[in-house]
Amino acid sequence: MPAGIYIHVPFCMAKCQYCDFYSIVGNETTVDGFAGALLSEIEILGRSKWKERVYNTIYFGGGTPPLLGDKNISRVLQSIRGRFNISPRSEIAMEINPETSSPEFFQALREFGLNRLSIGVQSFDNDQLQILGRIHSVNSAVEAIDNAFAAGFENISLDLIFGIPGQSIESWRATLDQAIAKNPTHISAYGLTIEKGTPYHKMVDSGELALVDDDNQAEMYSATNEMLSSAGYKRYEVSNFAKPGFECRHNFKYWRDDKYVGLGPSAHSYDGEKRTANQKNLDKYIANLGKGKLPISFRETLTDKQRAEEWLLLGLRLAEGIDYNLAKEVINDQVKTDFIKQGYLRKKLNKIALTDKGFLMADEIIVKLLKS
Ligand code: SF4
């Protein structure tokens, strides 16, 4: 199976209140420093065992990848293509925020060979965008989607968030309606999670922010599946829905235990046995590469048990489910049988998968299935 390349661009124009991805508000100097270090990282990896593989996905994530700038994006892609075996029909994707999209930029991305965009719309309600601390408006999101189509992108995903404080089920349905009306090929719908260390976490702790309760979140998730499936989007992973043939090929690498190499601060790599993580700090990342060293801060070799756990934790998120035999060592058989009887899981031949009812509480079910 071909591998994937992930590039983490660690810059944002402002930090959203709920976000715990590694990103900073950069400037021209930090962006150029990062771009130089990234090119060195590509060069070093291009002389390593990663050179021997074939790749069929390149994914720019972040952060806000457009802040790397079109010239740097072009240089990075050129360098990757010159050093790695990139298959001709690869998925080359980028996460986009509405505040960083213009017709000229999208045109440039098309010329560089990008063929998939994931646009961080989050909500079609300006009040909710404000609560999330987003700096774009509904109008700019609509404009970004229109610009992306006009530039010739045929594979466009919209990222949405439900369970935003103060959001009603009606308002979530209205956001879904507007997303469907734009006719993207893919929609990701994530329930808002509160991560430790974020401003949101402090606000929830102090009672300043009231979360949407579990029942309402579950109702929003059910509405998502119902509305998107009626509109021709199939749920292929807990939070991801696609028109046939438009599933995100890069993200499948994580869920199906395929190999991927991650570049940029905080990026992870996995070669089927070993997992590594880069420094989650731009200065350290640049300093390491300045000395000709890979900026790795963590590495581990997975045991068979850890690999089986990964199969379960990640693979069971997929609608296709997992091969039971690959994870049976770590599955609590009694819990599995109970979940099948209660209608949360289904088993067909060697495969086990979540049912519609199971998808409603996927995280809980997957964790409970793990042998303690
Ligand atoms: S734009 Fe995305 S990566 Fe940047 S702070 Fe907001 S949620 Fe996080």
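Analyst: Helices α1 and α2 count as roughly parallel, because the angle between them is about 5 degrees. In this wording, angles under 35 degrees are roughly parallel, over 145 roughly antiparallel, 65 to 115 roughly perpendicular, and the rest oblique. The axes of α1 and α2 are 10 Å apart. An axis here is a line fitted to C-alpha atoms, for a helix over the stretch in contact, and angles run from 0 to 180 degrees between N-to-C directions. Helices (H or I, at least four residues) and strands (E, at least two) are DSSP runs, numbered from the N terminus.

The model is predicted: local features need pLDDT of at least 70 and side-chain atom pairs count only at pLDDT 80 or more, while totals for chains, interfaces and linings use all residues. Residue numbers start from 1 along each chain as its sequence is written.

On the α1 side, A35, L38, L39 and I42 meet N72, R75, V76, S79, I80 and R83 of α2. Contact means that the C-beta atoms of two residues, placed from the backbone, lie within 7 Å. Sorted by class, the contact of α1 with α2 has six nonpolar, two polar and two charged residues. Ala, Val, Leu, Ile, Met, Phe, Trp, Tyr, Cys and Pro count as nonpolar, Asp, Glu, Lys and Arg as charged, and the others, Gly among them, as polar.

Helix α1 (residues 28-45) also packs on helix α10 (residues 282-290), at an angle of about 45 degrees and with 9 Å between the axes. These two helices are therefore oblique to each other. The classes are six nonpolar, three polar and one charged.

Another pair is α6 (residues 169-181) with α8, whose axes come within 10 Å and cross at roughly 25 degrees. That angle is why α6 and α8 are also called roughly parallel. Their crossing is right-handed. I169, W172, R173, L176 and I180 of α6 touch N216, E219, M220, A223, T224 and M227 of α8. By class, this contact has seven nonpolar, two polar and two charged residues.

The bounds, from an automatic or database domain assignment, are 3-255 for domain 1 and 304-369 for domain 2. Nine residues of domain 1 are in contact with eight of domain 2.

Between α6 and β6 (186-191) sits N183, which has a positive phi of about 55 degrees although it is not a glycine. In the loop between β2 (54-62) and α2 (70-83) is G63, and a cis peptide bond with omega of about 20 degrees joins G62 and G63. Most residues other than glycine have a negative phi, and most peptide bonds are trans.

Key. Left-handed = near helix turned anticlockwise from the far one by under 90°.
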